[in-house]
Amino acid sequence: MRPEEPIAIRLEDYRPPDWLVDTVHLDIDLHPTEARVIATLKMRPNPDADGARAIVLDGDELKLSRITLDGKTLDPRAYVATPERLTIPRPPSGPITLEIETLLNPSTNTQLMGLYQSNGIYCTQCEAEGFRRITYFPDRPDVMAVYTTRIEADKAAAPILLANGNMTESGDIDNGRHFAVWHDPFPKPSYLFAMVGGDLAFIEDTFRTMSGRDVALKIYVEHGKAHLCDYAMDSLKRSMRWDEEVFGREYDLDIFMIVAVADFNMGAMENKGLNIFNDKYVLASPETATDADYASIEAIVAHEYFHNWTGNRITCRDWFQLCLKEGLTVFRDQEFSADQRSAALERIGDVRNLRAIQFTEDSGPLAHPVRPSMYREINNFYTPTIYEKGAEIIRMLRVMIGREDFRRGMDLYFDRHDGDAATIEQFIACFAEASKRDLTHFSQWYSQAGTPHVAAEGQWNAEAKTYRLDLVQNTLPTPGQPSKEPQVIPLAVALFDEQGRAMKTDEHLIVLDRASQSVEFRNIKSRPVLSINREFSAPIVLRTNATEEDTQVLAAHDTDSFNRWQAIQTLAMKWLVAHVRGAEANTAAPLLDALKNVLADRKLAPAFVAQALAMPTEGDIAGEIAKNVDPDAIFRARKALRGTLSEELRASLQAAYDTYAASRGPFNPDAKSAGERALKNAALDLLAANGDAKAIALAARQFADADNMTDRMAALAALMPHDIPEREQAFKALYDRFENDPLVIDKWLTMQAMVPEAATFDRIKALTEHKAFSFKNPNRVRALIGAFAGNPSQFNRPDGAGYRYLTETAVAIDPQNPQLAARLMGAFKTWRRLEPGRAAAAEAALKAVAKAPNLSRDLADIVGRALA
Ligand code: ARG
Ligand code: ZN
């Protein structure tokens with residue numbers, strides 16, 4: 001029996017709201033089990049709507065205690081209230097004021113949507129549809145209102161009371177209670193509402209905007225954590241400056257606040273003036289956070305801040321337009337990180353991530369367009385496709401029209417749509433106007449799912465001195481889209497000669513927009529080597545007729561760092577795929593040469609060398625093989641390759657390690673120092689790949705002596721694949737030292753879940769019983785169960801036990817936190833490419849979930865699509 005299919009919501013069914021809300025006055029009386037909310041809504045019929053004029057307000061598990069219309073108690077026959085809906089079938093025809101009182105229980109709200117408690121702190125999460133868990137409301141992003149929020153609470157339990165906007169009033173009342181009133185003058189959709197109440201510590205700073213206004217900045221955290229917020233504050237100030245300098249965007253309220261909480265379903269949330277964050281993306285010290293953590297904090301603080309313009313000042317008309325704010329804001333945060341750190345390294349990292357999380361989604365059963373046309377549960381569409389592929393579309397747009405027209409298009413968008421709930425069409429129209437181009441075909445990137453495959457074959461004609469490039473594109477079918485149209489694919493191209501010197505044809509942009517087309521370069525006097533899709537100008541899978549020698553030329557000489565790195569990956573991937581397919585005899589010599597070269601090149605940034613040394617992941621290899629995937633064979637191939645590198649490059653790896661191990665000063669999280677640590681640790685990782693005794697001792701020593709978490713975790717990662725006492729000692733030492741720091745405990749859980757041994761399965765089951773673990777906290781669950789699902793050889797055990805464990809865990813979590821349960825199931829986005837035995841086991845596990853009673857909409861939707 002299939003789960004009951006949740007109702008389909010379709011883009012084509014969009015209708016403007018029948019009623020608008022001009023102002024919302026919320027009166028929130030905080031109490032752990034009986035919080036009272038009085039919402040006063042000034043509403044009027046929408047002049048732009050047609051159809052019936054009934055008032056239909058959304059709810060979710062709500063309990064109505066009172067309702068008045070224009071000051072008079074509403075006759076029970078004049079409305080229908082269920083937990084999910086409040087309907088007034090025949091309201092007056094003009095403006096009205098509704099006063100609605102609801103009662104909530106924050107302490108039992110385990111979904112972490114709406115108003116809930118995290119370690120005793122009251123907080124809210126309303127995106128996408130959480131506001132309806134607080135009060136009855138037209139909970140859709142095109143209903144924008146001005147909010148005033150009065151919060152009242154016990155002063156001892158919640159001395160800090162925060163909401164969107166500026167504080168206008170506060171004071172004490174009797175019985176130890178107090179209140180605060182916040183007013184947000186910017187009309188906003190309900191998903192951007194937030195409030196917080198609790199006993200919090202904070203740090204503060206100020207920022208002077210480009211027009212000279214002073215903005216108060218505050219970061220609130222649990223007591224005892226205020227010393228961990230400096231990097232987040234610094235990231236915030238740099239983000240504010242950057243948005244002024246690069247996009248001309250100034251902050252608009254007198255205060256900007258961040259609150260970090262321990263229990264949060266996602267990374268963070270851009271509520272107007274009051275961002276709420278997962279602790280993980282605020283708290284950092286050298287002792288507890290790695291370089292990667294610092295980089296994520298910087299990126300996410302920036303991301304949420306940038307939403308103030310791309311998301312808040314201009315929001316989305318409906319949830320189908322989610323990429324309008326998310327893809328654009330990811331693009332903006334990637335650009336910010338590139339400017340703060342290294343553009344080349346940022347691009348390599350972003351593409352690695354895109355391939356790992358988005359290409360896999362786009363080639364499996366959960367593939368969907370960047371702007372979907374149908375959803376059943378919107379929470380399941382906060383995906384790598386909407387976010388990361390959405391960002392790639394913006395990047396391609398900039399490549400297509402050039403930086404100047406791109407900036408003019410952005411300016412026009414901010415100018416024209418400030419205050420609007422906008423659509424993708426309106427966004428694209430700004431760039432079409434600014435660049436005077438027809439972007440109709442380009443826009444298909446929003447509606448067509450799947451990653452295009454492009455074949456690029458070059459032929460040099462010695463007599464005619466021409467080089468012809470034949471390009472063919474093809475996109476495989478995805479769910480609901482059996483046949484595909486050609487996409488508009490911008491390909492940045494350069495030619496090198498066989499010695500690696502740039503040919504006089506400078507970088508060139510080819511726009512492939514038909515199924516196949518050819519380009520001819522003239523006056524090419526020697527056989528060229530093609531560098532194509534430079535800087536990863538389009539999110540495609542590329543095949544070329546390059547020889548291994550050509551790839552070696554690029555690995556040694558390409559002036560585009562991205563493609564130089566890519567060439568090295570290509571050499572590695574070629575070896576790996578051959579090995580997985582059983583070709584033992586193939587030589588790693590070209591890859592070894594390339595890596596020796598890179599290791600010896602003192603001009604290269606250490607961070608680049610570290611990326612070059614990081615071989616394709618098991619997931620990358622599975623993606624390349626695409627069919628009939630055997631995760632064990634992939635694991636063995638990758639292990640063999642790393643073993644070869646370890647032996648053949650030993651001297652230069654040791655030299656790289658020694659160079660950067662020696663240069664130690666006080667910890668600095670900046671890009672340069674992080675890059676040096678990255679190279680040292682990449683060298684250590686390869687040195688230890690075979691379990692060589694000297695290298696293991698080196699890793700164990702680094703673990704023991706490290707004065708920062710980056711080096712400590714890197715040492716543990718080098719020990720992790722080996723079943724040796726040093727590893728177990730390190731796990732124990734990490735726990736003993738950090739048992740009271742949940743964010744480090746997450747690393748401890750994750751590292752154990754990643755061990756590529758059969759015993760890992762029992763280890764993670766045992767860890768779920770550990771006192772440091774809790775199924776209630778999403779960070780813990782993701783750190784342990786999520787990491788296990790990302791352990792390719794162990795999650796994909798041939799006996800299917802990994803699949804069953806994951807699905808059973810998801811079903812168990814579902815009643816408590818459906819979003820978390822559905823997220824875990826993302827591990828099944830690649831099940832169809834597995835070899836038949838594993839695929840059958842995965843399918844059986846999915847079918848068992850489908851049969852479970854009372855599935856949430858979140859879980860039923862994911863399982864339904866994974867099986868379809
Ligand atoms: N808008 C947030 C961000 O990307 C994500 C919040 C998503 N929350 C959710 N429950 N779906 O910054
Ligand atoms: Zn976002």
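Tutor: Helix H15 comprises the 13 residues 650–662, and at 1.5 Å a residue it should span 18 Å; its end C-alpha atoms are 18 Å apart, so expectation and model agree. The expected span is 1.5 Å times one less than the number of residues. Helices (H or I, at least four residues) and strands (E, at least two) are DSSP runs, numbered from the N terminus. The model is predicted, so local features need pLDDT of at least 70 and side-chain atom pairs count only at pLDDT 80 or more, whereas totals for chains, interfaces and linings use all residues. Residues are numbered from 1 along each chain as its sequence is written, and chains are lettered from A and ligands numbered from 1 in the order in which they are written.

Which residues of H15 are buried? They are Leu-653, Ala-656, Tyr-657 and Tyr-660. These residues cover an arc of only 100° around the axis, which puts them on the same side of H15; the arc is that of the directions from the helix axis to the C-beta atoms. A residue is buried if 20 or more other C-beta atoms lie within 10 Å of its own, exposed if 12 or fewer, and partly exposed in between, with C-beta atoms placed from the backbone. On the face turned away from the buried side, H15 carries the exposed residues Ala-651, Asp-658 and Ala-662. The buried residues pack against helix H11 (589–600), helix H12 (606–613) and helix H16 (671–687); two residues are in contact if their C-beta atoms, placed from the backbone, lie within 7 Å.

Another helix, H7 (residues 424–435), contains Phe-431. Phe-431 is buried, with 24 other C-beta atoms within 10 Å. Not counting residues up to four places away in sequence, Phe-431 touches Leu-397, Ile-401, Gly-409 and Leu-439. The C-alpha atoms of Phe-431 and Ile-151, 280 residues apart along the chain, are separated by 43 Å.

Two annotated spans complete the picture. An unreviewed UniProt entry gives residues 231–445 as "domain: Peptidase M1 membrane alanine aminopeptidase". That span, 231–445, is 55% helix and 9% strand, and its end C-alpha atoms are 37 Å apart. UniProt (unreviewed entry) also places "domain: Aminopeptidase N-like N-terminal" at residues 26–192. Residues 26–192 are 0% helix and 51% strand, with end C-alpha atoms 14 Å apart. UniProt positions are given in the numbering used here, feature names are shortened, and annotations may be inferred rather than shown by experiment.
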